[in-house]
Structures are given as C-alpha cells and as structure tokens.
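Visitor: Could you walk me through this one? I'd like to understand what I'm looking at.

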Amino acid sequence: MSTQIHSGGCQCGAVRFRLSGRPGVSSVCYCRMCQKASAGHALALVSLGEASFEWTRGEPSWFQSSNAARRGFCQECGTPLAYDAPDGLALSVLAFDDPDAVPPTIAYGVEGKRVWCDAIPALPERGTMEDAGAVAFLKTLVNYQHPDHDTDAWPPEDRA
Ligand SMILES: [Zn+2]
Ligand SMILES: [Zn+2]
C-alpha cells in the first residue's frame, strides 16, 4: 500500500506543508470565529489523524483566538492555514494543493450559519471567461499565486 502524500500552502508560497499518511476527519465550521478567521461563510479543516506532518517552507504566524486555541496564517499573504487546539492540529482544507482529496464529512457550528449560505448553490452562475467584455483585460493578467504543487524555489528568479 502506497503512503498518501498531501501537500499545500498559502497563496504566496511563503509557507508550505506536507502530510504523509491518512489524515483524520475533515469538517466545515460555520461558527462566528471560523467566519472571521477565514473571512468566508465557513472554514473547512482536516485534522492530522494518523498522518505525520511538517512545515516544508516557512512557518505560520499565530493568533490566539481563545484561551484554548490558536489560528495559524501566513504572515506575508494572510492565508488561513491551521487551527491548533488541545485535541491537536488541523489544517485548512482549501490550502491543500488538492482540496478535493480531503472532502468534509460533517458540519459544525451550524447555529452561526449566515442566512444566505444555503442559497449559494441556487445563485445565477457565470464562468470567468463568459464575460466577453473582460476577456482582453483577463489576458493581460499575470498570476503571482503559488502553483498547486511544491517548488524548489519561490518566487521564480525573474520575479524575486
Ligand atoms: Zn503566504
Ligand atoms: Zn468554528
């Protein structure tokens, strides 16, 4: 049986991590603290479970969000990366290079769910390139986001 490897990191690439082995439970939390920590309507976290874990580039900064827990984020770009509580470390699912590899299986903090959350799947949908008027502008954009895989050096030489 091959060992599962999961890598991930922040938007700018200053902080990267790797898990080896099977991660624990993946969940979403709608509580007000997770809303603030993610600036999103929910925060998806996966516990380390049986996996071994290391920060492979840089380390997060931490905000002590309660007397029991602290939240890790990239000091350079602000990406929420981790939740560290007495029952162990959990990582942001959306920070994984493949977030679909650790899909949430339970929702917590549902009393904090915003009233519009459940309407999101029913909203009118548009693809990025469907806006014909924006296509010319979009073609001029240069993406500075770290790619969804490990890199030997980042940022690239020509941008450093
Ligand atoms: Zn970053
Ligand atoms: Zn929460």
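Visitor: What share of the residues in the protein is buried?
Guide: Of the 160 residues in the protein, 24% are buried, where buried is taken as having 20 or more other C-beta atoms within 10 Å of the residue's own, with C-beta atoms placed from the backbone. Please keep in mind that this is a predicted model, in which local features need pLDDT of at least 70, side-chain atom pairs count only at pLDDT 80 or more, and totals for chains, interfaces and linings use all residues. Residues are numbered from 1 along each chain as its sequence is written, while chains are lettered from A and ligands numbered from 1 in the order in which they are written.

Visitor: OK, and how many helices and strands are there?
Guide: The protein has 2 helices and 10 strands, counted as DSSP runs numbered from the N terminus (helices are H or I with at least four residues, strands are E with at least two). Starting at the N terminus, their order is β-β-β-α-β-β-β-β-β-β-β-α.

Visitor: Which order do the strands of the open sheet take?
Guide: The sheet has 7 strands in the order E6-E7-E8-E9-E4-E3-E10, with mixed pairing, and two strands count as paired if DSSP finds at least two bridges between them.

Visitor: Why is one side of E6 and of E10 left without a neighbour?
Guide: Strand E6 (61-64) and strand E10 (106-108) stand at the edges of the sheet, so each has a single partner strand.

Visitor: And how do E7 and E8 run, parallel or antiparallel?
Guide: Strand E7 (residues 70-73) and strand E8 (residues 80-85) run antiparallel and are joined by 4 bridges; Arg-71, for instance, has Tyr-83 in E8 as its bridge partner.

Notes. A residue is buried if 20 or more other C-beta atoms lie within 10 Å of its own, exposed if 12 or fewer, and partly exposed in between; C-beta atoms are placed from the backbone.
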